[in-house]
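Subject: Handing over a structure, with notes

Dear colleague,

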Amino acid sequence: MPEERSDEALLARAAEGDEVAFGVLVTRYQRRVVGFLVQMVGDVELARDLTQEVFLRVWGAAASFDDRYRFTTWLFRIAHNLAIDHLRKRKLPTTPLTVVSGEGDEQTMPIPAPDKDPMGHLENHELAGALRRAIEGLRDDYRELVLLRHFALLSYQEIAELKGMPLGTVKNKLFRAHSVLREELVGYRQGRIPG
Amino acid sequence: MNVECQRVQELLAESGGRTDTLPEDAVRHLGACQECARAAEQERELARLLAVALPPEDAALTERIMEAVGRRRRAQRLLRLLPLAASVLLVLGAAVLLGGVPGSGLLAAVPGTAVAGCLGLTGGAIAWVRSVAVAAGALASVVPGWVIWGAMLLVLGGLLVGRRLLRRLEARQR
């Protein structure tokens, strides 16, 4: 039977040391946190490690959760801050999307194996690569909102609360980000490699 | 793109191209505007791609997280007991330093046969504690008692402050 208690009720139980209640929260949100962090840091294994750290922090700070806020915005704020801290510390090395062959020709990098590729389980790896590059190519503020919307699966209202933005701004930015993504994918389908 | 097209396309971006959740006027607009109808189709395609881009459920990761939580919880319990354990040790230590050990007197009061083996085992330990107490007594005759008590209180205070700092550190990690 699916657990129907609210996130906040489960967290209150967890704050009293109820590991079962906390396990429900982990099961409920683990996939979204991993999905979000994979896109943030670009590495599946690292995203899993960071996800564990996110939930440990949630466990450690459960008693101090302010129930005027939503659990989801709190959770993804922790995940976001952790990813940013990690990227700052690591000075994330960037991988060029093209390589130069022995003959001096520029070639598109092959899409990595499914278990290392954030979107590797897509049936069409090339389309997955195009989508990934399109998201990577977005302006930082658009990209962040796209990740919160489509990988953290937050509602527009939750994103507005998390980012401290007016709802209208979130709508407008996501509309613009979607326009860019749609354009890139249409371009890709017409035979133009984005990026 | 006019204002109405933008409004409808914002709604489409939010609904993932679904039209059944749009207000009636937006649906009417879609029927009349080819550009927005095309945008709706593209939004559905984008939503489909983004949906399958999410990683699958990972039961092993959930298990790993819960094991880590269990370890953290046990560590927290120990941390909570630390000041209590330290206080008990300090009080015992102070008793040893200032008044000797009442061990043999207490043990002598315990009913005989059932604990005879236990008494035998503890006898050696008590002898050792006594020799420590003698040495400590010698120290106590040189160092005033209030200095020893003061040192004990300082250690205890340090432990309590340390624990509070640890809690603050945890809160800051949020």
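Predicted model: local features only at pLDDT ≥ 70, side-chain atom pairs only at ≥ 80, totals over all residues.

Residues are numbered from 1 along each chain as its sequence is written, chains are lettered from A and ligands numbered from 1 in the order in which they are written, and side-chain values use heavy atoms, with hydrogens and water left out.

In chain A, A:Ala47 belongs to helix H3 (residues 44–61), helices being DSSP runs of H or I with at least four residues, numbered from the N terminus. A:Ala47 is buried, at a relative accessible area of 0%, where buried means under 20% with a 1.4 Å probe and protein chains only. Leaving aside residues up to four places away in sequence, A:Ala47 touches A:Val34, A:Leu37, A:Val38 and A:Val41 (contact means heavy atoms within 4.5 Å).

A:Arg143, in helix H6 (residues 140–150) of chain A, is buried yet has no salt bridge, and the nearest side chain of opposite charge, that of A:Asp140, is 5.6 Å away. A salt bridge would require a side-chain nitrogen of Lys or Arg within 4 Å of a carboxyl oxygen of Asp or Glu. The side chain of A:Arg143 does, however, reach the backbone oxygen of A:Gln39 at 2.7 Å.

In chain B, B:Leu92 is part of helix H4 (residues 59–99), and together with B:Leu81, B:Leu84 and B:Val88 forms a nonpolar surface patch with about 380 Å² of accessible area (Shrake-Rupley method, 1.4 Å probe, with only the protein chains shown counting as cover for residues). Such patches join nonpolar side chains within 5 Å, from residues with over 30% relative accessible area and no salt bridge.

Best wishes

Conventions:
Helix = DSSP H or I, 4+ residues; strand = E, 2+ residues; numbered from the N terminus. Buried < 20%, exposed > 50% of the residue type's maximum accessible area, 1.4 Å probe, protein only. Lys, Arg positive; Asp, Glu negative; His and termini not counted. Polar contact = N/O pair within 3.5 Å; in protein donor to acceptor, adjacent residues only side chain to side chain. Patch = residues over 30% accessible without salt bridge, like charges linked within 9 Å, V, L, I, M, F, W, Y side chains within 5 Å.
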